[in-house]
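Please open the model in your viewer and keep the selection panel at hand. The tour below goes from stop to stop, saying at each one what to select and what is there.

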Amino acid sequence: MSIDHTYHLVICGSVVPDPLQSLEPVVTQGKPGLKNELMLPMVLDPFVNHSLNEAAKLREATKDTQVHLVAVGPKAKLQQLMMVLAQKTAFNLVAVDAPAGGFIDSHTVAAALAEAIKAIPGLDLQKTLVFGGWSSASRASGTTLQLVGEKLGITEQFFGVDRLTPAADGGFTVLERVEAGQHLETQVAGAPAVIGWATGELPELPNNPKIGMMNMAKIMPAIGKAKAVDLASAGFSVVDTALPAEKRQTRVVKDMPAAAVAAEIKEWIASGKAG
Amino acid sequence: MSDTSVERQSMEVDIACVGFGPAMGGFLTHLSRGLKAAEASGPIQSPTMPGAPPTVICYEKAEDLALGVSGVETEAKAIKSSFPDFDPASVPMTTWIKKEKTVYLMDPWGASRRPLLVRLADPILRLLGKKHSFTLPVNPPFLHKKGGIITALGQFNQWVAGQLMAEGAVQIWPSMAVEDLLLEKDAVTGVRLADQGVDKEGKPAEGFMPGMDIKAKLTVVGDGPIGSIGRKLNEKLGMPEGRHLWEWAVGMKFVVSLPDDCPLEEGTVIHTIGFPEPEIFGFFYVMPNKMASMGIFVPSWMQTPVRTSYRYLQYWMQHPYLWQYVKGGKVSSFGAKSLLESGIEGEPHLVGDGFARIGEGSGTTNILTNSGVDEAWASGRLLADAVLELLKSGQPFTRENLDKTYVASRRRSAIEKGTRKARHSRDGFRRGFLPGMVGMALAGFTGGLLYVPSREKAPHDMLIDLERYYRDRIPAAELRAMEAECLQKGGTLWEKILPRLGWPEVVFDGALLISHQDALLLGGKVQAVHGYRDHVLFDDPAACEACRTKSCVEICSGQAIARVEGRPVPAFDREKCVHCGACIWGCARGGRGDLAIDSNIAFLGVPGGLHSAEN
């Protein structure tokens with residue numbers, strides 16, 4: 001399907017320490033951070049990763065749609081990350097050079113992202129769909145994308161989205177997760193809108209060396225030009241940092257009747273150990 | 001292995017590089033500098049696109065450029081000559097070497113399988129007042145790395161890659177595996193990338209994208225000792241006469257956060273010998289910020305098929321001499337890799353029409369000084385100089401031209417001098433631990449003139465039957481019963497044999513002593529990218545069926561190869577594979593007869609490896 005309509009797609013995606021690593025919060029010189037933060041492998045926030053797949057699909061389905069990736073992170077880490085992402089799909093990078101440890105006020109991050117978006121040459125906000133993650137692996141409060149939308153004046157916001165289907169008139173249908181495993185389908189007249197993606201339904205994009213080479217010609221200069229942003233915000237401080245308490249206790253029991261499992265869970269909840 | 005009938009995209013570049021490690025780091029660093037330097041005096045032109053600068057692309061199968069999982073102690077002569085102002089503080093986990101010592105570890109549990117003379121040494125040392133260890137009064141001079149550095153190879157690789165990418169003269173693409181060579185008669189004309197969107201058997205599935213053909217004037221192969229492209233070249237060309245790839249070791253290590261009261265100074269290097277088995281050597285490098293890289297080498301000349309590197313690593317770590325330093329600390333990362341220990345004996349055909357080889361897979365490791373990273377870097381630099389010379393003079397990358405330039409400079413180089421001296425230094429180990437130590441000392445002190453000779457043997461020929469190996473410790477009938485139980489119920493032989501020999505139970509404490517599977521997840525993750533085929537294949541099921549000991553299962557660094565109840569062919573789980581490649585040379589059967597590494601296991605080029613925070 002090819003639709004004669006153009007969107008301006010902006011993906012907000014920060015670099016985060018790979019959440020599969022053992023991340024240990026520490027306070028150094030009065031500031032919170034992660035132990036050995038500089039050594040930790042960084043990835044595109046996994047909650048954002050899917051946005052890239054969706055943006056690639058939407059571009060294919062529409063006419064002249066361009067994709068911009070606005071990424072916050074330390075320059076060196078952005079560069080490493082782009083070597084992988086650049087092979088996925090064509091995009092213009094807008095790099096914001098700032099820490100990525102995750103102990104930053106989401107209002108401040110949202111302000112930096114909104115400023116970077118407004119500064120994208122040729123971007124028409126009325127045609128813009130802001131993509132991002134429903135949540136974040138950066139220990140943020142999960143509110144950043146919503147705040148970006150507010151700062152851009154975009155009031156149509158959808159979170160936990162699994163599917164976006166464009167229509168010929170520039171409108172689109174959004175399938176949004178709601179409680180109890182159900183979806184809410186919404187018909188939207190058109191851009192602008194903020195789309196916070198859940199996991200979606202698309203497979204991972206393959207790595208394509210040709211796309212990578214084309215992308216890198218634009219990406220390296222973009223990283224070189226990345227504006228250093230001080231994300232410290234007045235009145236915001238981290239009082240304490242700690243690893244989440246371990247909640248999981250795995251026990252393998254075979255052939256246990258469902259009633260006995262339920263009784264044990266009931267007893268566990270009643271004991272208050274469930275927290 | 002890729003389907004030849006599928007229509008593929010192709011792309012032309014000038015230089016295609018396979019694998020990003022220290023050798024490729026050296027090559028790309030000096031090539032990039034040379035290309036940049038020439039811009040002022042008249043740019044070097046691309047042979048494929050005259051008028052444009054040469055296109056140089058490096059493909060690395062790991063998801064990032066920190067695949068190296070080695071704690072490294074190196075003189076770093078070549079690296080320092082490339083970076084005269086090198087400051088270790090600019091690379092995480094890196095520092096100058098300050099102290100080096102070699103320590104003999106006595107056997108605290110009496111479980112080690114020591115030859116008689118070594119067994120006698122322990123009580124004599126105890127009579128002399130030594131409780132658990134004996135520090136050699138002099139560290140052998142050939143082991144010294146004076147003025148060198150301790151580093152984590154993954155961190156070093158990332159540092160090098162960052163600089164290269166910032167310069168922009170070359171491109172490095174991680175998470176992109178090379179599956180095959182492109183050949184026209186005897187010339188290498190490029191590489192084929194791995195198919196994506198396939199199932200575990202390699203059949204097209206959702207999102208199928210055939211691997212692209214990258215046509216190149218020169219293919220630089222630096223994919224390490226077990227790299228699939230290096231091994232394909234060996235298969236195609238064979239090894240030069242008298243050369244072989246028969247000496248190996250698996251190096252396995254932990255990165256440990258040392259306790260605050262650990263007295264060891266940053267920059268301390270400790271080599272250990274004698275324990276947990278005499279054949280197993282150990283290393284302990286003290287890095288900045290109270291971190292240490294500590295591990296063991298399990299060699300292919302260790303004759304038992306029961307080579308569990310992980311459990312031996314835990315025994316070694318618990319030796320009282322080492323435990324005093326780490327007690328109260330915490331393991332933060334784990335890794336393993338194969339080391340090609342044939343040195344110059346394992347030097348393959350270095351060049352041919354359209355290709356050149358660098359690094360460990362090209363026989364650069366000095367097996368006497370235990371040094372490989374710096375030599376690998378130096379080999380890359382030599383190739384870069386040769387390539388620049390040929391590009392500037394407009395000469396093609398033929399065997400003859402690469403011979404005249406790269407190979408000639410390798411022959412004149414310090415790598416060649418060092419590896420020639422080291423050539424037979426480890427031969428004695430094929431006769432056993434003591435002849436090996438004597439041979440190494442002789443070679444070390446005479447510059448390689450004297451050594452203990454022995455007959456060369458393929459790795460699987462070094463393995464001996466369990467009954468013979470444990471003949472004085474466990475009755476043959478009992479061993480056979482253990483084997484039968486493993487065949488029926490799965491599991492490993494080491495789990496049964498080591499406790500029977502007196503090795504204590506490892507009591508997990510969640511800090512220093514953790515399960516093997518926890519180690520894979522702690523501080524890292526195994527990359528098993530979706531959409532690629534399985535990379536470990538058992539070529540001939542009949543050979544597996546006939547194999548009693550399943551040494552591939554015993555040696556596997558990630559428990560990725562496992563016996564399955566009632567099945568003669570082991571199962572492979574790529575979610576656990578750290579891509580160390582020990583299964584290739586650790587295969588007890590051999591299989592393909594005339595190849596450089598005679599193995600029943602095929603190890604294909606697929607993205608993956610251990611992705612670790614501190615490697």
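How many residues of chain B are in contact with how many residues of chain A? Select both chains, and you will find 35 residues of chain B in contact with 24 residues of chain A, where contact means that the C-beta atoms of two residues, placed from the backbone, lie within 7 Å.

Before going further, note that this is a predicted model, in which local features need pLDDT of at least 70 and side-chain atom pairs count only at pLDDT 80 or more, while totals for chains, interfaces and linings use all residues. Residues are numbered from 1 along each chain as its sequence is written, and chains are lettered from A and ligands numbered from 1 in the order in which they are written.

**Stop 1: the side of chain B that touches chain A**

Select helix H4 (153–167) of chain B, which gives the most to this side, with 4 residues; helices (H or I, at least four residues) and strands (E, at least two) are DSSP runs, numbered from the N terminus.

**Stop 2**

A residue is buried if 20 or more other C-beta atoms lie within 10 Å of its own, exposed if 12 or fewer, and partly exposed in between, with C-beta atoms placed from the backbone. S6(A) runs parallel to S1(A), to which 5 bridges join it, and pairs in the parallel sense with strand S7 (residues 92–97) of chain A over 6 bridges. Within these pairs, Leu9(A) has Val67(A) in S6(A) as its bridge partner, and Val70(A) has Val94(A) in S7(A).

S1(A) also pairs in the parallel sense with S8(A), over 4 bridges, and there the bridge partner of Leu9(A) is Leu129(A).

**Stop 2: helix H4 of chain A**

Select residues 144–152 of chain A, where the buried residues of helix H4 are Thr144(A), Leu145(A), Leu147(A), Val148(A), Gly149(A) and Leu152(A). These buried residues pack against several elements of chain A, among them strand S1 (8–12), helix H3 (106–118) and strand S8 (128–133). Just after H4(A), Gly153(A) takes a positive phi of about 80°.

**Stop 3: the nonpolar cores**

Which residues touch the most other members of the largest nonpolar core? Select Ile11(A), Val70(A) and Leu113(A), which do so in a core of 222 residues, a nonpolar core being a set of buried Ala, Val, Leu, Ile, Met, Phe, Trp, Tyr and Cys residues joined through C-beta atoms within 7 Å. Helix H8 (residues 373–392) of chain B supplies the largest share of this core, 12 residues. A second, separate core has 8 residues, including Phe142(B) and Val452(B).

**Stop 4: the sheet and hairpin of chain B**

Finally, select the open sheet of 7 strands in chain B, ordered S6-S5-S15-S16-S17-S14-S18 with mixed pairing, whose edge strands are S6 (133–135) and S18 (330–340). The twist averages 20° from one strand to the next. Val103(B) stands opposite Thr135(B) in S6(B).

Last, select S23(B) and S24(B), which form a hairpin with 2 residues between them, and look in the turn for Gly566(B), which has a positive phi of about 75°.

Notes:
Pairing = 2+ DSSP bridges. Axes fitted to C-alpha atoms, helices over the stretch in contact; angles between N-to-C directions.
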